Every structure is written in C-alpha cells, then in structure tokens.
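User: Hi! Could you walk me through this one? I'd like to start with a helix and then move on to cores and charges.

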Amino acid sequence: MAQNIYDTSDFFSEYSKLPRSMRGLDGAPEWPTLRMLVGDIRDKRVLDLATGFGWVARWAVQEGDARSVHAIDISENMLKRAREMTAAQDIVEGKITYQRGNLEDLTLSEGEYDLVYCSLAFHYLPTDKLRRLLTEIYKSLSSGGKLVFSVEHPVMTAPSDAQWKWDNGQVFWPLNQYWKEGLRITDWMTPGVRKYHRTIDTYLTLLIEAGLILTAFKEAWEGLDLETKLEETGEGHRPYFLLVSAKKP
C-alpha cells in the first residue's frame with residue numbers, strides 16, 4: 001500500500017512549516033536549476049506529479065504560460081491546500097485541474113502531455129512501481145516531450161543511520177549499504193517514514209529501459225555552496241538531490 005504520511009495531522013502541521021511549504025518555489029533552493037531544465041513551456045500541456053501545495057502548477061500557468069496543468073497528489077490535505085491557494089489567485093478556471101491519485105498505480109493516456117514534472121517523490125516508490133510509472137510517463141508524453149524530476153541523492157538514502165557524524169572535531173556523512181537497494185525506514189518529522197534507496201546506476205537504467213533519452217543530470221544546483229567546512233554540516237560534504245531531465249524521442 002502506498003505511503004501517505006501527509007494526511008496525518010501532526011506530520012502535515014510540521015511539513016507546512018518548512019521553507020518550501022511557506023515560501024513555495026522561493027523556498028526551494030534547487031528550483032532555479034529545475035526551472036532551467038523545464039525550459040520553455042508556453043502553450044504546453046503539463047502533468048505535475050506529487051504536486052503538494054501546487055506551487056509548480058500555479059507557476060506553470062502564471063509565469064510559464066502553459067496551456068494547461070493536471071496536478072496529482074495522494075494527499076487530501078495537500079490537494080485541499082493547493083485548491084485553496086489556486087482559488088485565491090487570478091487563474092483562469094480550468095487551466096489547472098487537481099486529482100487525487102496514487103503514483104504506484106497511475107494510468108496515463110497516450111501522448112497527453114508535453115512535460116511531466118515530479119519533485120522529490122520517486123524515492124518513495126519501490127523500484128518495480130517506479131519502473132511501471134516511468135513506462136506510463138513515456139506513454140503519456142508527446143514526441144519530444146520532457147520528463148523533469150528530482151529525487152533525494154542516493155548518498156542520502158543509502159546509509160543505515162542517515163545522520164551527520166563527528167570524529168575529532170570534524171563532521172562527516174556516513175555512507176554504507178550503497179549497493180543494497182530497497183526499503184529504508186527513517187525519521188523525518190515523524191517516525192517510520194518509508195523511502196527506497198536506489199543507486200545512480202539504477203535510476204539511469206530505469207530511464208533508458210523506459211525509452212527515454214537523458215538530457216541533463218545534476219548533483220548540484222545554482223547557488224549551492226560547495227566550499228567544504230570541516231566543522232559544519234552542509235552542502236560541501238555531500239550532494240542532497242539528483243536533478244534529472246529526459247525526453248521522449
């Protein structure tokens with residue numbers, strides 16, 4: 001059964017306090033780089049998977065001038081907030097449609113979209129479910145259509161004890177079990193959050209198997225501080241996300 005922690009009141013309350021929840025795309029430091037990967041979407045049909053509060057969906061029609069956006073999320077709490085925020089803005093009715101849906105069993109129509117976008121959600125899917133979803137995404141894209149997504153970097157998801165460590169006054173990020181793919185249970189604002197670790201190799205192989213052509217692959221984003229500070233936790237020690245763009249031939 002798909003995980004839906006966002007419809008638990010305590011978790012949703014804490015999630016709503018995150019910078020990217022309160023400030024939207026301005027609170028997501030990786031967004032300018034993802035925006036570059038998305039490119040020109042004027043008059044494009046967009047599918048926004050795991051839309052959350054609908055920040056990208058609204059950006060797509062208000063600033064990207066997309067023809068339409070269909071936004072899907074598993075969480076009723078997320079969709080309620082997204083619909084409220086959309087209704088409060090000057091957006092033409094019907095330009096954005098919202099749907100509750102489970103990415104694990106989503107079925108899409110042939111050639112329905114020019115862009116499929118998904119932020120920080122694929123690592124919640126088991127590999128067999130992600131393989132199926134990528135096949136559906138490929139089917140749903142128009143010729144030349146694009147998939148842009150971000151996931152937690154595998155060095156984040158691999159460790160059995162994923163937290164900063166200290167040794168002789170210096171901080172480091174542990175890396176073990178990298179080649180052991182599969183379920184990881186972690187505490188993130190609530191105990192028992194399920195994530196699935198995959199190697200970079202597997203992510204790229206899944207894209208290729210689905211028939212997609214890799215067009216961009218980034219482990220950093222514009223403005224990321226890559227200067228190593230031995231006494232501090234931070235970007236200089238290890239990557240946070242993978243940012244990926246691929247297209248349908």
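Analyst: Happy to. Buried means under 20% relative accessible area, exposed over 50%, and partly exposed in between, with a 1.4 Å probe and protein chains only. This is a predicted model, where local features need pLDDT of at least 70, side-chain atom pairs count only at pLDDT 80 or more, and totals for chains, interfaces and linings use all residues. Residues are numbered from 1 along each chain as its sequence is written, and side-chain values use heavy atoms, leaving out hydrogens and water.

User: Great. Which residues of α5 are buried?

Analyst: Met78, Leu79, Ala82 and Thr86. They sit on the same side of α5 because they cover an arc of only 95° around the axis, taken from the directions from the helix axis to the C-beta atoms. On the other side, Lys80 and Ala87 are exposed.

User: And what does Glu84 pair with?

Analyst: Glu84 forms a salt bridge with Lys80, with the closest N and O atoms 2.6 Å apart. A salt bridge here is a side-chain nitrogen of Lys or Arg within 4 Å of a carboxyl oxygen of Asp or Glu. Both residues lie in α5, four residues apart, about one turn of the helix. Glu84 is partly exposed, at 40% relative accessible area.

User: How many salt bridges are there by that rule?

Analyst: The count comes to 10. One of them joins Asp114 and Arg45, with N and O 3.1 Å apart at the closest. That pair links distant parts of the chain, since Asp114 is in strand β4 and Arg45 in strand β1, 69 residues apart. Helices (H or I, at least four residues) and strands (E, at least two) are DSSP runs numbered from the N terminus.

User: Is that pair buried or exposed?

Analyst: A bit of each class: Asp114 is buried at 17% relative accessible area, while Arg45 is partly exposed at 22%.

User: Switching topic: which residues have the most contacts inside the largest nonpolar core?

Analyst: Leu49, Val116, Phe122, Leu134, Ile137, Leu147 and Phe149, in a core of 31 residues. Such a core is a set of buried Ala, Val, Leu, Ile, Met, Phe, Trp, Tyr and Cys residues joined through side-chain atoms within 4.5 Å. Helix α8 gives the most to this core, with five residues.

User: What does Val116 touch?

Analyst: Not counting residues up to four places away in sequence, Val116 touches Leu47, Leu49, Ile137, Ser140, Leu141, Lys146, Leu147 and Val148. Contact means heavy atoms within 4.5 Å.
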